[in-house]
Amino acid sequence: MGAMDQHARLIGPVVFFTGAGASVGAGLPTYRGQGGLYDGTGVEPPNAADLEPDRLPGLWARFAPRLRAREASGPAPAHHAIAALERQAPGEVVVVTQNVDGLHQAAGSTRVIELHGSLGTMRCFGAGHSLAVVDARWGDDGVPQCPECGEPCRPNVVLFGEMLPRAAWEAGGEAIRDAATVVAVGTSASVQPAASLISAAATAHSVRIWVNPRDEPPDGRWQWLAGTADEELARLAW
Ligand SMILES: [Zn+2]
């Protein structure tokens, strides 16, 4: 591995595979990393058992700070850089993200595959109605209720112990297989099963670029750009 030629040009189609590090510049805490929401707090991340009715108020109490943080934030330079690359080459950029903050779309990216769901929406336990967080009616217990059927809602986010949504998983895998270049941004590739999407086999015929200031790429086939996502993505060009 080694530093990538700073004049290297991207070859499309490009998949940006993004993790928490892509949103650091937006001021959002990362999920489990240093300084993250669950780092050193002794609190386990929300998991599938928290969907039991008697635990729903607690689950939403833990999600509420994340919703507020998201509402108060906007896209970082990294999100804007990816959106700009898409505007320059429409149809040549796909974002496959482990993030749930919706900031790629807020920056203008149009092809975004969300592997872990979305903080911006929720769905009810009744008929599975999907609704925007802003449309929810919040009960006295702090649990949002579906405006259509009155049933309680859950976050539209994959909790620990849950399967990834199949459609997103398959679409992400297909995009990565079709990519001439895979740029992994701000992910430690330690979160399974998403990390298997960018395994050596899955990216065998792609140019591989690893943007991460701290975590090394999984192997030497990745070109490592060891700055922050905001710094490094601004330098990428067609
Ligand atoms: Zn409903």
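Q: Is Cys 124 buried, partly exposed or exposed, by relative accessibility?
A: Start with the cut-off: buried means under 20% relative accessible area. Cys 124 has 5% relative accessibility, so it counts as buried. Keep in mind that this is a predicted model.

Q: Which atoms are the protein donors of the zinc ion?
A: To read a metal site, list the donor atoms and their distances. Here they are the SG atoms of Cys 124, Cys 146 and Cys 149, plus ND1 of His 129. They lie 2.1 to 2.3 Å from the zinc ion.

Q: How are the donor residues spaced in sequence?
A: The spacing is C-x4-H-x16-C-x2-C. Cys 124 and Cys 149 link distant parts of the chain, 25 residues apart. Cys 124 sits in strand E4, residues 117-124. Cys 149 sits in the loop between strand E7 (144-145) and E8.

Q: At what relative accessibility does Cys 149 stand, and how does it count?
A: Cys 149 has 34% relative accessibility, so it counts as partly exposed. Cys 124, on the other hand, is buried at 5%.

Q: What arrangement do the four donor atoms make around the zinc ion?
A: Look at the angles. Ideal angles at a metal are 109.5 degrees for four tetrahedral donors. In this model the donor atoms subtend angles of 101 to 118°, which makes the arrangement tetrahedral.

Q: How many disulfides does the count come to?
A: The test is distance: two cysteine sulfur atoms must lie within 2.5 Å. The count here is zero disulfides. Take Cys 153, which is in none. Its nearest cysteine sulfur belongs to Cys 146, 5.3 Å away. With 0% relative accessibility, Cys 153 counts as buried.

Q: Where does Arg 154 lie, and is it buried or exposed?
A: Arg 154 lies in strand E8, residues 153-157. Its relative accessibility is 6%, so it counts as buried.

Q: What does the side chain of Arg 154 make a polar contact with?
A: The side chain of Arg 154 makes a polar contact with the side chain of Glu 162, at 2.8 Å. A polar atom of the Arg 154 side chain also lies 2.8 Å from the backbone oxygen of Val 157. Then check the wider surroundings. Beyond four places in sequence, Arg 154 touches Leu 51, Trp 60, Met 122, Arg 123, Phe 125, Leu 159 and Glu 162.

Q: How many residues has the largest nonpolar core, and which have the most contacts inside it?
A: First the general idea. In soluble globular proteins, nonpolar side chains tend to be buried together. The largest nonpolar core here has 20 residues. Those with the most contacts inside it are Val 15, Phe 17, Val 96, Ile 113, Leu 115, Ile 176 and Ile 198.

Q: Which elements each supply at least two residues of this core?
A: They are strand E1 (14-18), strand E2 (93-97), helix H4 (166-178) and strand E9 (181-185). H4 gives the most, with three residues. Apart from this core lies another, of 19 residues, including Phe 16, Ala 81, Val 95 and Val 185.

Q: What is Phe 17 in contact with, leaving aside its neighbours within four places in sequence?
A: Phe 17 is in strand E1. Its relative accessible area is 0%, so it is buried. Its contacts include Val 96, Leu 115, Ile 176, Val 183, Leu 197 and Ile 198. Ala 184 is another contact. Phe 17 and Ala 184 are 167 residues apart in sequence, yet 4.7 Å apart in space, C-alpha to C-alpha.

Q: Where does Trp 169 lie, and what does it touch?
A: Trp 169 lies in helix H4. At 28% relative accessibility it counts as partly exposed. Beyond four places in sequence, it touches Leu 115, Leu 164, Pro 193, Ala 194, Ser 196 and Leu 197. Trp 169 and Leu 115 are 54 residues apart in sequence and 6.2 Å apart in space, C-alpha to C-alpha.

Q: Is the peptide bond from Gly 12 to Pro 13 cis or trans?
A: Read the omega angle. Here omega is near -5°, and the bond is cis. Pro 13 is in the segment before E1.

Q: How many helices and strands does the protein chain have?
A: The protein chain comes to five helices and 11 strands. Of its 238 residues, 45% count as buried. Among contacts between residues at least 6 apart in sequence, 63% join residues at least 24 apart.

Terms used. Residues are numbered from 1 along each chain as its sequence is written. This is a predicted model: local features need pLDDT of at least 70, side-chain atom pairs count only at pLDDT 80 or more; totals for chains, interfaces and linings use all residues. Side-chain values use heavy atoms; hydrogens and water are left out. A nonpolar core is a set of buried Ala, Val, Leu, Ile, Met, Phe, Trp, Tyr and Cys residues joined through side-chain atoms within 4.5 Å. Buried means under 20% relative accessible area, exposed over 50%, partly exposed in between (1.4 Å probe, protein chains only). Helices (H or I, at least four residues) and strands (E, at least two) are DSSP runs, numbered from the N terminus. A polar contact is a pair of N or O atoms within 3.5 Å; within protein, one must be able to donate a hydrogen and the other to accept it, and residues adjacent in sequence count only if both atoms are side-chain atoms. Contact means heavy atoms within 4.5 Å. Donors are N, O and S atoms within 2.8 Å of the metal (3.2 Å for Na, K and Ca); water is not among the atoms, so sites may look incomplete. Four donors count as tetrahedral if all angles lie between 85 and 135 degrees; four count as square planar and six as octahedral if opposite donors are over 155 degrees apart and all others between 65 and 115; anything else is irregular.
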